[in-house]
Amino acid sequence: MQDVFIIGSKGLGNYGGYETFVMKLIDYHSSNQNIRYHIACKANGSGYMDEKKLPGAKTVSPHHFKYRNAICYKVPVKEQFKSAQAIFYDIDSLKWAINHIKKHHIEHPIVYVLACRIGPFFEKYVKEIHHLGGKVFVNPDGHEWMRAKWSAPVRKYWKESERGMVKHADLLICDSVNIEKYIKEEYGKYSPHTTFVAYGADVVKSELEDTDPLFTGWLKEQGLKPYQYYYCCGRFVPENNFETMIREFMKSKTKRDFAIITTKNDAFLNELDEKLGFRKDPRIKFVGTVYNQELLKKIREQAYAYFHGHSVGGTNPSLLEALGSTRLNLLFDVGFNKEVGQDAALYWSKKDGDLAGLIDRVDVLEDAVLEEYGRKAKQRIRDAYSWQFIADRYEEIFCEE
């Protein structure tokens with residue numbers, strides 16, 4: 001049996017790309033006799049793991065629980081370090097994995113680290129794991145160092161951290177062809193060993209009926225009607241192009257609403273309102289977060305169209321989920337997004353008037369055209385991004401090493 005330790009996720013079932021990925025991997029490998037997972041989870045802090053909310057989880061001790069074929073250990077988070085706590089969380093998780101491997105004499109373990117947060121400290125731990133007969137894989141995620149929210153010194157750290165992890169990893173599993181290309185070109189001097197395995201999604205309709213009170217109540221609360229709203233779903237940060245989407249939507253002639261499903265960030269919200277004055281436009285509606293996955297899927301299904309403004313990163317979970325559920329998808333024109341959407345979506349740029357013009361054109365499309373876009377989008381997911389396909393690919397990688 002191959003033991004796989006996963007570092008960098010907050011937990012199972014939490015709201016987030018890596019958290020969903022780990023959960024799906026365990027679910028699809030639940031009866032797999034070839035792999036045993038060991039998952040580091042946050043014991044405290046924002047997004048901490050509470051297994052009591054996870055159906056089927058069995059608490060073994062205050063520090064760990066079991067779920068399907070996974071042993072999950074709760075790692076205390078050093079909250080006093082604030083923005084740097086993720087770095088210490090990953091390091092402490094690595095220490096836990098190494099100690100567990102030693103204590104239980106686990107042979108040929110694989111340690112899979114999600115994201116490039118600990119590059120300056122990485123070599124030491126990789127050497128320890130190699131000494132124990134193990135290998136270290138890394139998922140480089142997107143370009144963390146390009147995110148607008150970071151100051152110049154922090155961006156410099158993220159870039160250096162990425163370099164350190166690429167240099168010392170045994171294998172880099174990239175969830176985007178564009179990310180893999182970037183890693184090979186940017187760090188060619190290290191001859192990085194890479195492979196491409198996308199993020200996954202499902203093409204399964206929501207369990208909620210059109211008349212379910214959970215859905216109709218949400219629509220009423222937000223002042224929305226089926227197929228009379230556009231929406232976006234993602235972290236409320238500058239690099240997701242909220243400013244462009246809101247400004248261009250305000251310029252458009254559509255009578256439909258724009259429902260923005262996102263986390264709360266009052267500072268950025270007020271900054272945007274000062275620039276755009278969007279609070280004066282009743283079509284612009286910040287509707288908060290939606291953690292109920294069946295409700296979120298229903299919202300996607302009954303939207304007129306989805307806006308995807310992400311400009312940094314690899315294969316984005318929100319984009320895949322939208323393609324699997326929403327008929328019409330309007331994506332920011334960047335390599336990562338075109339790689340996923342191909343001809344199943346339409347594209348827009350930050351050029352003044354470009355998105356507003358696109359909204360006005362698609363706002364009057366016939367149902368047959370919308371249905372065809374929806375069919376293509378779902379087929380795109382089935383062909384290249386189904387969770388079964390992704391899980392099978394990971395089994396190949398873990399078990400061949």
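Trainee: Which side chain does the side chain of His308 join in a polar contact of 3.5 Å?
Mentor: The model is a predicted one. In it, His308 lies in strand 13, residues 305-308. Beyond its neighbours within four places in sequence, His308 is in contact with several residues, including Leu319, Phe332 and Trp348. The partner in the polar contact of 3.5 Å is the side chain of Asn337.

Trainee: Is His308 buried or exposed?
Mentor: A residue is called buried when its relative accessible area is under 20%. His308 has 0% relative accessibility, and therefore counts as buried.

Trainee: Is Trp158 buried or exposed?
Mentor: Trp158 sits in helix 4, which covers residues 152-168. The cut-off for buried is under 20% relative accessible area. Trp158 has 7%, so the term for it is buried.

Trainee: What distance separates the C-alpha atoms of Trp158 and Ile260?
Mentor: Along the chain, Trp158 and Ile260 are 102 residues apart.

Trainee: Which helix gives the most to the lining of the second largest pocket?
Mentor: That pocket has a space of about 260 Å³. Helix 9 (293-301), helix 10 (317-325) and helix 13 (367-384) each supply at least two residues of its lining. With four residues, the one that gives the most is helix 13.

Trainee: How many charged residues are in the lining of the second largest pocket?
Mentor: The lining consists of 15 residues, and those nearest the centre of the pocket are Lys205, Glu301, Ser325, Arg327 and Lys378. By class, three residues of the lining are nonpolar and four are polar, while the number of charged ones is eight.

Terms used. Residues numbered from 1 in each chain as written. Predicted model: local features only at pLDDT ≥ 70, side-chain atom pairs only at ≥ 80, totals over all residues. Heavy atoms only, no water. Buried < 20%, exposed > 50% of the residue type's maximum accessible area, 1.4 Å probe, protein only. Polar contact = N/O pair within 3.5 Å; in protein donor to acceptor, adjacent residues only side chain to side chain. Contact = heavy atoms within 4.5 Å. 1 Å grid on protein atoms, 1.4 Å probe; cavity = no way out; pocket = protein on both sides within 12 Å on 5 of 7 lines; lining within 4 Å. Points joined across faces, edges and corners; volume = space filled by probe spheres on them. Nonpolar A, V, L, I, M, F, W, Y, C, P; charged D, E, K, R; others polar.
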